Amino acid sequence: MKHKQAYQYHLVKRSLLEQQVISHFDRYPLLGRRADQFEMLKFVCDQLQKGRHRDLEGTRAIVKFIYAKSSGRRKRRFTLSQCLRRLESLF
């Protein structure tokens, strides 16, 4: 059995994530499920950069996007409506 190598890359700043990781995978696109996961990461980083997470509507939009893009992959502990209700109680 062959062993696959895996690398971990730890970043502490979102700006470095955008400059190094996102720019790399924009140039060298991922395939399959990883491509979908990358698109979710890229969307969330973009929304954070724009400050959309600071208000209820922006945060709702982020949660809805992630929920829609990743639906069907695994059983969720909470429904979308439960998540959105919890968000409303935080704002």
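What you're looking at is a predicted model, so local features need pLDDT of at least 70 and side-chain atom pairs count only at pLDDT 80 or more, while totals for chains, interfaces and linings use all residues. Residues are numbered from 1 along each chain as its sequence is written, and side-chain values use heavy atoms, with hydrogens and water left out.

Let's begin with helix 1, residues 14–27. Helices here are DSSP runs (H or I, at least four residues), numbered from the N terminus. Helix 1 has 14 residues and reaches 19 Å from its first C-alpha to its last, close to the 20 Å expected; the expected span is 1.5 Å times one less than the number of residues. There's a kink of about 25° centred on V21, where the bend is the angle between axes fitted to the seven residues ending there and the seven starting there.

Next, how do helix 2 and helix 3 pack? Helix 2 (residues 33–49) and helix 3 (residues 56–69) pack at an angle of about 175°, with their axes 11 Å apart. Those axes are lines fitted to C-alpha atoms over the stretch in contact, and angles run from 0 to 180 degrees between N-to-C directions. That makes helix 2 roughly antiparallel to helix 3, a label for angles over 145 degrees. Helix 2 brings E39, M40, F43, V44 and Q47 to the contact, and helix 3 brings I62, F65, I66 and K69. Those residues divide into six nonpolar, one polar and two charged; Asp, Glu, Lys and Arg count as charged, Ala, Val, Leu, Ile, Met, Phe, Trp, Tyr, Cys and Pro as nonpolar, and the others, Gly among them, as polar.

Helix 3 has buried residues of its own: G58, T59, R60, I62 and Y67. What covers them includes helix 2 and helix 4. R60 is buried with a relative accessible area of 16%. Not counting residues up to four places away in sequence, R60 touches L84, L87 and E88.

L87 counts as buried, at 13% relative accessibility. Leaving aside neighbours within four places in sequence, L87 is in contact with L56, T59, R60 and V63.

Technical notes: Helix = DSSP H or I, 4+ residues; strand = E, 2+ residues; numbered from the N terminus. Parallel < 35°, antiparallel > 145°, perpendicular 65-115°, else oblique. Contact = heavy atoms within 4.5 Å. Buried < 20%, exposed > 50% of the residue type's maximum accessible area, 1.4 Å probe, protein only.
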